[in-house]
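Biologist: Hello! Could you walk me through this structure, step by step?

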Amino acid sequence: MSNMATNTAQASTPAVSPDPSAPNPSGGEQPDESVLADDVLETVKEIALDEVPGGTLVRVEADADGVGYLAHMLNADETPMTVYVDPSLDLVDLA
């Protein structure tokens, strides 16, 4: 199915904001999560990519619950995962 090949390519391309037509490997997003300012974005991306060797960044956003930032990623084996970073820009958790 050609649509599947297109969607797979979109999911593996690093992105900051989601493409509404692309599949969402993180399992969903809350409508009140937002894209980050450039300086915070770069720091969260760096933390996430350091913590997930060989991973692909899907999107980075402020957590809707106000407890920091989320980096939605695909692990090296393409398993969806999320890196949680607190407001002080320290790693909190991987899930």
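Modeller: Gladly. Helices (H or I, at least four residues) and strands (E, at least two) are DSSP runs, numbered from the N terminus. This is a predicted model, where local features need pLDDT of at least 70, side-chain atom pairs count only at pLDDT 80 or more, and totals for chains, interfaces and linings use all residues. Residues are numbered from 1 along each chain as its sequence is written, and side-chain values use heavy atoms, with hydrogens and water left out.

Biologist: In what order do the elements of the protein run from the N terminus on?

Modeller: The protein has 2 helices and 4 strands. Read from the N terminus on, the order is α-α-β-β-β-β.

Biologist: Where in the protein is confidence lowest, and where is it highest?

Modeller: Confidence is given as pLDDT, the predictor's score for each residue from 0 to 100. The protein averages 74, and 63% of the residues score at least 70. The lowest mean, 38, belongs to helix 1 (residues 2–12), while the highest, 95, is found in strand 3 (residues 80–85).

Biologist: How many contacts beyond near neighbours in sequence does the stretch of residues 1–28 have in the model?

Modeller: A contact means heavy atoms within 4.5 Å. Where pLDDT is low, predicted coordinates should not be read in detail. Over residues 1–28 the pLDDT is below 50, and the contacts of this stretch beyond near neighbours in sequence number 36.

Biologist: Which residue in strand 2 does L57 stand opposite?

Modeller: Strand 1 pairs with strand 2 (residues 69–74) in the antiparallel sense over 6 bridges. Their hairpin has 6 residues between the strands, and G66 there takes a positive phi near 75 degrees. Opposite L57 stands M73.

Biologist: And which residue in strand 4 does Y84 stand opposite?

Modeller: Strand 3 and strand 4 are antiparallel partners over 3 bridges. The residue opposite Y84 is D93.

Biologist: How many residues of strand 1 are buried?

Modeller: Buried means under 20% relative accessible area, exposed over 50%, and partly exposed in between (1.4 Å probe, protein chains only). Of the 95 residues of the protein, 34% count as buried. Strand 1 (residues 56–62) is largely enclosed by the rest of the structure, because its buried residues number 7 of the 7.

Methods:
Pairing = 2+ DSSP bridges.
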